[in-house]
Amino acid sequence: MSRRGGRLRSRRRRGGWLKRRRTAAAALAQIGVPASRLTIRDARREALLAVTRAPLRTVLTSMGTVLAVGTAIATIGLSNSAAGAVSGTFDALRATIVTFSNNNRFLRPPDLTDKAEKPLDRLNGVVRAGLIWNLGSPGHLFQVGRTVPQPGQPQIGLPVIAASVGGLATAGARLYTGRFYDAGMDHRGYHVALLGATAARQLGITGVGVSPAIFIGQVPFTVIGIVDRAPLDPGALLGVIVPPGAAAAVAGSFGAYGYRQIMVRTVPGAAQLIGRQGRFAIDPLHPSEISASVPTDPSRLRQSVSSSLTSLLLAIALIALGVGVIAIANTTLLSVIQRRAEIGLRRSVGAAPRHIAVMVVSEAVLTGAIGGLMGTSVGVLVISAVCANHGWAPVLDPRLLVAAPAAGAVAGLLAGLYPAWRASRVSPISALQR
Amino acid sequence: MELIGAAVTYPGAVPVRALRPVSVTFAAGEMVAVVGRSGSGKSTLLNVLGLLDRQTQGRYLVRGVDTSLLGEAGMTSLRAREFGFVFQTFHLLADRTAAENAELGMLYRSMGLRERRAAACDALERVGLGHRLAALPGTLSGGESQRVAIARALAQRPRVLLCDEPTGNLDRRNADVVIDLLAGLASEGLTVVVVTHDAQIAGAVPRCLDIDDGLVSERTPAGREAGP
């Protein structure tokens, strides 16, 4: 009963208060006193004036956002550019090379010969196929010299590789001097050889103008060229390269069991398919005996590189943005404390607490947007400089150029909420007494 | 404006009676000085009169409206329309020109920029600073700064001008200029209340309220004090 009575009394009190308020509002209207108002245009203009008339304060306040947004843009842009560059390198070189080898190469007679090149060449997507054959057992070095080996005369141990004409082309071999052997020389078993640049230096051969001779064991060969580049088989630069037709003369019957592989260069994107089809083209009866080494799918590789880098760097960027929000909030709060007298003055001339809150938030949003814009510029400059230095193509989603200043504005909004609430509670008396 | 038994007591472990019950009326076009020592309650009285603070006891009527019934928004609106403030330390915004400072009081009235600017220029002309519209406060003398502050209050077209030690930071010559200006405004129909501890200024004002330890007493023309 007493609780009910209390509720009734409370309701009556509330009703009386409301009635008095309505009466007061009506009385104000009667004497021609409208409510204080701040238009959006005036709030915008005030924020613009506050930000532009105190540029140092604006720059210092926005520094957190500049760093945060600059870091975000730079990290995202650099990760994309780096991923593009990494993927591009894979695309250009490795992603188009498929290598076939024999699973039981030491137990079965060799079936990977230069005759396998033709069926592979006929496959759609193959640019070039060629045999690369390391003579002898793995790691075996042949005695090579400028003269017939004689007792007491030093010889040099060098690896010997038999590479078909197609093999040389597929490996990307480049001549420093001389010429490559051709298919005719190969088929006729001519004893001609190419020297890798390192091997030529070891043998003291600098040119092929006088057709220098070398001896691999007891077998003489005429050097017709020096190779200084073979990006897909750099080991070739260390040794002697001979045509497969002359390989038996060097390695004897055992040499036939050396490690053979057929290297195939494909058009971009065809490596996976050629890896599956090639085994059937080489040995239709025993495709399982042939293994194919296929590069990672370039699209997956790019995706994997990009996504792992992007997610990592995005996390860093978000942390940086969080730091930016805290930095703006801190500086804005300090600014509110410094501007207590101004806030008090505004309150005394008719600003309601909400008008003060709007003022602080508008300034914080504008400061954040300016910081975002400056940060975007800094980020783009960093990306351009780093990419120019590394020779990468700069990659940056143009939507980011719009999103970053907007993110700065949102950071400013979030950062301005608490200082705005604090500012709206500033009493005009306490502010003006300072 | 009419205070009816209005008093202010600040709560605390030991409540402070900043203003003892006072009943006083201010007529339109009247110039009144409130005189007292530091800490006597002058500013508390001014804050109550200007609706910056509320009395804790009694009533305060402004144009017949009982302010104790008004909420925060009502107090703010009434304050903006009825009162203009002039402070001892001017409180000018350092990064705004004299004209922009004078405009500030009209910002919260939904007036257009041109209308505001025209009113601010008129007010500055009125205080003799029509030639310093674009001057920043840092380039103004103390007397000029106070006149800009008066222009800021006048631009709002208030009925009452409340001045808290308006000559406190000025030399005698500038103080006389400001007091003459305020007297002129009163003669034009504006109610002017000046809080001061300067006896010379108090002597020059037609009506004077003395305040001591929160107790307000009216000084009679003959110099004798009478109870409120």
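A residue is buried if 20 or more other C-beta atoms, placed from the backbone, lie within 10 Å of its own, exposed if 12 or fewer, and partly exposed in between. Residues are numbered from 1 along each chain as its sequence is written, while chains are lettered from A and ligands numbered from 1 in the order in which they are written. The model is predicted, so local features need pLDDT of at least 70 and side-chain atom pairs count only at pLDDT 80 or more, whereas totals for chains, interfaces and linings use all residues.

**Exercise 1.** Work out whether Val195(B) counts as buried or exposed, and find what it touches.

Solution. 
- Start with the location: Val195(B) sits in strand 8 of chain B, residues 191–196 (strands are DSSP runs of E with at least two residues, helices are runs of H or I with at least four, and both are numbered from the N terminus).
- Next, count: Val195(B) has 23 C-beta neighbours inside 10 Å, so it is buried.
- Now look for contacts (C-beta atoms, placed from the backbone, within 7 Å). Leaving out residues up to four places away in sequence, Val195(B) touches Val34(B), Lys42(B), Ser43(B), Leu46(B), Cys163(B), Asp164(B) and Glu165(B).
- One more distance: Leu162(B) is 33 residues away along the chain, yet its C-alpha atom is 8.0 Å from that of Val195(B).

**Exercise 2.** Describe how helix 5 of chain B packs on helix 6 of chain B.

Solution. 
- Take the geometry: helix 5 (residues 142–155) and helix 6 (residues 172–187) of chain B pack at about 20°, with axes 9 Å apart (axes are lines fitted to C-alpha atoms, for helices over the stretch in contact, with angles from 0 to 180 degrees between N-to-C directions).
- Pick out the residues: Gly142(B), Gly143(B), Gln146(B), Arg147(B) and Ile150(B) from helix 5 meet Asn174(B), Val177(B), Val178(B) and Leu181(B) from helix 6.

**Exercise 3.** Find which helix of chain A supplies the largest share of the side that touches chain B.

Solution. 
- Size it up: 30 residues of chain A are in contact with 29 of chain B.
- List the helices: helix 1 (2–30), helix 2 (40–53), helix 11 (340–348) and helix 14 (428–433) of chain A each supply at least two residues.
- Pick the top one: helix 1 of chain A gives the largest share, seven residues.

Technical notes:
Two residues are in contact if their C-beta atoms, placed from the backbone, lie within 7 Å.
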